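Hi,

Here is the structure I promised to pass on. Please have a look before you read my notes.

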Amino acid sequence: MTLAAAIFGRAAKALITLLLIVILNFFLIHAAPGDPAMVMAGEAGAADEQFIQQLREQFGLDQPLYVQFWNYVSGVLQLDLGYSYRQQMPVLDLILDRLPATLLLTLTAFGMSLLLGVVFGMAAAARQGKWGDSAITSMALLFYATPLFWVALMAVVLFSVKLGWFPAFGYGTVGADLSGFEMVLDRLRHLFLPALTLGLFFMAVYLRMTRSSVLEVSQMDFVKTARSKGLTEGTIRRRHILRNALLPVVTLAGLQAGQLVGGAVLTETVFAWPGIGRLMFESLTARDYNTLLGVFLVSAAMVIAFNIITDIVYRLIDPRI
Amino acid sequence: MRNLVTASLLTVAMGLPAAAQDSGGRLDIVLQPEPPSLMLGMVQNAPTQLVAGDIFESLLRYDTDLNPQPSLAKSWEISEDALTYTFKLHEDVKWHDGEPFTSADVVFAVDKLLRETNPRLRVSLEHVESITAPDDHTVVFQLKNPFGPFIGVFEAGTMPILPKHIYEGTDYLNNPANNTPIGTGPYKFNEWEKGNYIHLVKNEDYYLDDQPYLDEVYYRIIPDAASRAVAFENGEVDVLPGGSVENWDVKRLVEMDGVCSTGKGWEYFAPHAMAWMNNREGPTADKNFRKAVMYAMDREFVRDVIWNGFGKVATSPVSSKTNFYTDDTIMYDHNAEKAEEMLAASGYDGEEVRILPLPYGETWQRWAEAMKQNLDEVGINSTVVATDVAGWNQKQSDWDFDIAFTYLYQYGDPALGVSRSYLSSNIEKGSPWNNVAGYVNEEVDAMFDEAAVAATPEARQELYTKIQQQLVDDVPVAWLLEIEFPTIYRCEVKDLVTTAIGVNDGLRDAWIEQ
């Protein structure tokens, strides 16, 4: 099968999966207690029947569920994610507004964790059983086992409150009116703590996986063959061991990459990072159905897209597949 | 003419120390949660009121003793028979888009727009016969009957004056201008970066000379309570409005150098924490059981430990900050013996009682746990139900609870903020803000109705005293605490809290010592 045909087949299946996800999400969300009108009325601190009725009409909740369902699905099929009545904005605009912040955070954390994880994992494997290996694996275990939330708070206490090196939260200095290089620098300073927090856990995961995978592959016959051919240790490691050892890491990275959009709720909340994860969480508590469904749809699309990309990367790393 | 207020004199008197106020500076205020909209009058959320109280104004403001003060109205008169309210408006007021503000805006906003969109004002407007504008700067409210609390409804959150030229003839709730609010207030809306901040800038054409003093205000959206505390410690924000950090952080922040705090600025709302007890079914349908709950609770412990000493034990359905409060009622102390006595009298058979906590953070969760412990001590079998905000609203609206935590605003007068929870005509499924407990007492109904329209304050006091005595004996709900939400701010910020709604409309007078 050619690459193009494979991608096409996957894409067709992906569309069907997406549609099923939309349908399932729609009914799951509507099964949760309360609706957006009730939440708005609750927050208002005063409400009568007329007020709640007005809200339901405004939100389109006065229509039977199957009508609401049809309206939503036919909208999605035309790439219209609907309107957030709570936020008075089209859902697509809301998501596109928040997407860059989330991607900046998660891609940085992702890239950092993958790079450091693989490098440290190989380093640990090369020193198997020595103190360097113990130091690296202990560190990995610590980051792996510590709750993200706690790491975030401790990072804030250390780097922001005590040392004052990095801002504790936010997406940039508010109202500073920076531009060009200064703006980039400001953004990077704000990015440091959340990206570190988010990246440490996955770094530990990649590190442990790379280490065990490298050790496993090193025992294999073709490595012995390569060694007996007289290849240098560095070449063996790069061309023979790493390439084979990376496959499970790529699988895992593909899984994590799928979560890039929705997977940073906690980090975005602690660091007041205006991303999609927070939008999703706030929409959930507010029962902002359209926004929530929109975020789910975009996240699901990302998961599927990254699965396809992972498959392509497999082929590049290992031509046998 | 009674109650004639020459407000221009007042304004002069208040303007006297003007020389001392510094102009300029930027204020950063914590905002949480992010409001759905800034369109006051259509959306009533607390964070909406916090921000939009600087953009929109009403005819009056209220000092911390709930006395009316001039705002868009420079003076007002109430006729001898308490039926005609005449307001004289400031003459040089402009909307933020430059259009002149006139009495036609007031008539439109109140009679047309808010009557349709604001449930809280709608209740008061039922007493109004007509709203007219004899000239461009005079508005007359003609009442059907005397309505004592009426002078208290001209507050920015209750009756924000919205521009006629933008809203007339449109679909109010979906008007695109809702996202770029245009008011008459001291600050103009500039920018809202969702999930990050809302930026307001000084209204240079404001009708009071030299005011406002600040150049710009940033409302910072910080979703995590611990991060909000850090933001204040780091100097990123200057003001923590009441309730923006967890109680256990308050003490530490207040003890920092250069930090001031005040419990004032909540008198209009007078948040009254209580627990609905289901009067319809289950153990709580029995009055003796409800009394047992009152005696079982250690509310002083809750105040001292869970609320870190802020607040006051609530002794009546009316807050001691609200008009017409009386302490001449039964007092429920923490008394396990009496609780057990009452419990025995109620014939309680050990049925499990479901406690629904308020899903507004750790403090409320702990409070529910403390109540459960108190109930355990006297032999009441209870469980704390897990919920989120939407579920909490739904369960109350469906009457699906035995005991449910809530807190309600009182709006300065029992007829506005108290009677709604006890009138039997106000029992209706589908809203968490009516007589949710399902209390029915015709005598109390009649007294509430009479008290709302009684002609003199003395007559009203007499009725409200009787009502409070009756209610405290019937305990339809468990009154918990008069909550206090301290506002924490840097001491350079002056005159931040001068009114009964505090930071909500406080930025008109606030200034930063340079």
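My notes follow, starting with the ground rules.

This is a predicted model: local features need pLDDT of at least 70, side-chain atom pairs count only at pLDDT 80 or more, and totals for chains, interfaces and linings use all residues. Residues are numbered from 1 along each chain as its sequence is written, while chains are lettered from A and ligands numbered from 1 in the order in which they are written.

Chain B

Chain B has 16 helices and 22 strands. Both are DSSP runs numbered from the N terminus: H or I of at least four residues for helices, E of at least two for strands. The C-alpha atoms of chain B fill a box of roughly 70 × 55 × 40 Å along the principal axes.

Of the 514 residues of chain B, 55% count as buried. Buried means that 20 or more other C-beta atoms, placed from the backbone, lie within 10 Å of the residue's own. Take the contacts in chain B between residues at least 6 apart in sequence: 71% join residues at least 24 apart. A contact needs C-beta atoms, placed from the backbone, within 7 Å.

UniProt, in an unreviewed entry, places "domain: Solute-binding protein family" at residues 68-425 of chain B. Such annotations may be inferred rather than shown by experiment. That span, 68-425 of chain B, is 28% helix and 21% strand, and its end C-alpha atoms lie 31 Å apart.

Core

The largest nonpolar core has 233 residues. Such a core is a set of buried Ala, Val, Leu, Ile, Met, Phe, Trp, Tyr and Cys residues joined through C-beta atoms within 7 Å. Its largest share, 15 residues, comes from helix H8 (residues 180-218) of chain A. B:Val239, B:Ala275 and B:Ala478 have the most contacts inside the core. Beyond its neighbours within four places in sequence, B:Ala275 is in contact with residues including B:Ile403, B:Phe405 and B:Ala478.

Interface and chain A

Here 42 residues of chain A are in contact with 41 residues of chain B. On the chain A side, H2(A) gives the most, with seven residues.

A:Gly230 follows H9(A), with a positive phi near 95 degrees.

Best wishes

Terms used: Contact = placed C-beta atoms within 7 Å. Buried ≥ 20, exposed ≤ 12 C-beta atoms within 10 Å, placed from the backbone.
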